[in-house]
Every structure is written in C-alpha cells, then in structure tokens.
Amino acid sequence: ASAAATADAADAKMAAIEEERSTLFNTLPNLLDPRVNDGDDEDANTEISRWGCEGELPTDKLWHDELGTALGGLDVERGAKLSGSRFSVLRGSVARLERALINFFVDLHTEEHGYTEVMVPYIVGGAALHGTGQLPKFEEDLFKLSAPLNGRDGYLIPTAEVPITNMHAGETLDESQLPLSYAAFTPCFRAEAGSHGKDTRGLFRQHQFHKVELIKLCTPEQSDEAHQQAVERAGRLLHF
C-alpha cells in the first residue's frame, strides 16, 4: 500500500510538472528577427516602406464601402439580417469581381511562381491550431464547434495557414524537397474578440472573409529570401 501511495503521489507530481511544462511551451513567443528594433511600443518601429493614401481620401475618391454600396454590390444590411454584425452580402459585379480576384491571385502563383494549389478542410482539430500558435493564446478569436469533430474539439479555420502548415505535421521532410510552396483559397472565420469599435467600416474585421494564402515550408537558411519574395509578390498584386 505504501509503494502504491508513493507511486500515485509521483504520478500526480509528474502530471503537475507536465502541465506546467506544456503551458510554458505553448506560450513561448516567436523568435524575432535580429533586425527588429527593441522598444516598448510601436513608436520604436522602423518604417521600411509606405504606399497609399494617408488619413482621409482625396475629395474626388470614395471608400470601398461607399463605392460598393453605390454600385449595388455591397449589402451590409442583408448580411446583418442573416448573421448579425460583421457580415455582408456581395452581389452582381462586386461578387463577380471578388471571384475574379481569387482566380487571378491563385492562377498567377501556380502558373508563374511554381506554387501548388491545394483545397483544404475549413474545419480542423485543436492540434492543428496548436501547431500554428493560434492555441492557446488566441482561443477567444476562434469559432469552436459545439459538437465534437471526429471525437475531438473542432474549430472553423481563421486562416488557411492552419490546415496548409499542418499537412506536414509530424513528418520528416528531406531538405532536397524544400522549399514546398502552397497556394490556397479559403473562407476564413474570426470571432474578432476585443476588436469592438476597431476598423468596423466596410469589409474590415469581418467574421467571415475570403483569402488566398501563400505558404512556403523551407529551411531556416531559405526563410529570409522566401519571406521577402512573398512580401514583394503580394505587394505587387495589391498595388500594381
């Protein structure tokens, strides 16, 4: 009985240590690039580039929500009727424009830049969200299913990064295979907890939005070039 009690006590102590280790490990932040400035807030940041207007638009221009509404293609009221705030309905030419942009972004990267297109699940298990760091830190921004997903907690994806990155979770990839380049169009679902009153105009901070995601899996030595290349290509598309 004494040996069993000792074993039980040891198991309980081990469980507590393992829980503490898991909590510490899961809350470790990403390592910053050594070029990132130290500082207490964003005022210490170094501005690398700037594009677009500052503050208010010129008097002869319209914000995207004003233009979309004027064209009859953005309907926030009916989106709210269906699902509440932070939803919208696109119709006609505006809906067609979004579909065209999705195809353009995906086709350009698959046909000219060597990305492989993937279609992935929009609902994932909690382990996938731990794998990309959304859990545990950003749990309040996730939509969690009320029913189990094949016997485990399930969530709507906040970004295609989650399923794409986790396609290779637990695998050992040969360096000669790298980099792996994936492009995916998915809807994204975000609770936007804590964003009340922020960027509420138009199509910003929606609970559901469409995105074309670009992901590269590469070696640490390849990562800086891959990152800069992705930023340059995405930037070129957004303000060509």
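## Largest pocket

In this predicted model, the largest pocket holds about 1,800 Å³ of space. Its lining is made up of 41 residues, and Glu98, Leu101, Phe105, Leu203 and His210 are the closest to the pocket centre. Two or more lining residues come from each of α2 (64-70), α3 (76-83), β2 (89-90), α4 (92-111), β7 and α7 (220-238).

Sorted by class, the residues lining the largest pocket are 25 nonpolar, 10 polar and six charged.

## Second largest pocket

The volume of the second largest pocket is about 1,400 Å³. Asn30, Thr132, Gly133, Glu161 and Thr165 are the closest to its centre, out of 39 lining residues. The elements that supply two or more residues to this lining are α1 (2-26), α5 (126-131), α6 (161-166), β7 and α7. Of these, α7 gives the most, with six residues.

The lining of the second largest pocket has 20 nonpolar, 13 polar and six charged residues.

## Nonpolar cores

Ten residues form the largest nonpolar core: Val118, Val120, Ala160, Ile164, Leu178, Leu180, Tyr182, Ala184, Ile215 and Leu217.

Ile164, one of the core residues, touches Val118, Val120, Tyr182, Ala184, Glu213 and Ile215, leaving aside residues up to four places away in sequence. Another core, of eight residues, lies apart from the largest one; Leu135, Leu142, Tyr155 and Val162 are among its members.

Conventions
Residues numbered from 1 in each chain as written. Predicted model: local features only at pLDDT ≥ 70, side-chain atom pairs only at ≥ 80, totals over all residues. Heavy atoms only, no water. Core = buried A, V, L, I, M, F, W, Y, C linked by side-chain atoms within 4.5 Å. Buried < 20%, exposed > 50% of the residue type's maximum accessible area, 1.4 Å probe, protein only. Contact = heavy atoms within 4.5 Å. 1 Å grid on protein atoms, 1.4 Å probe; cavity = no way out; pocket = protein on both sides within 12 Å on 5 of 7 lines; lining within 4 Å. Points joined across faces, edges and corners; volume = space filled by probe spheres on them. Helix = DSSP H or I, 4+ residues; strand = E, 2+ residues; numbered from the N terminus. Nonpolar A, V, L, I, M, F, W, Y, C, P; charged D, E, K, R; others polar.
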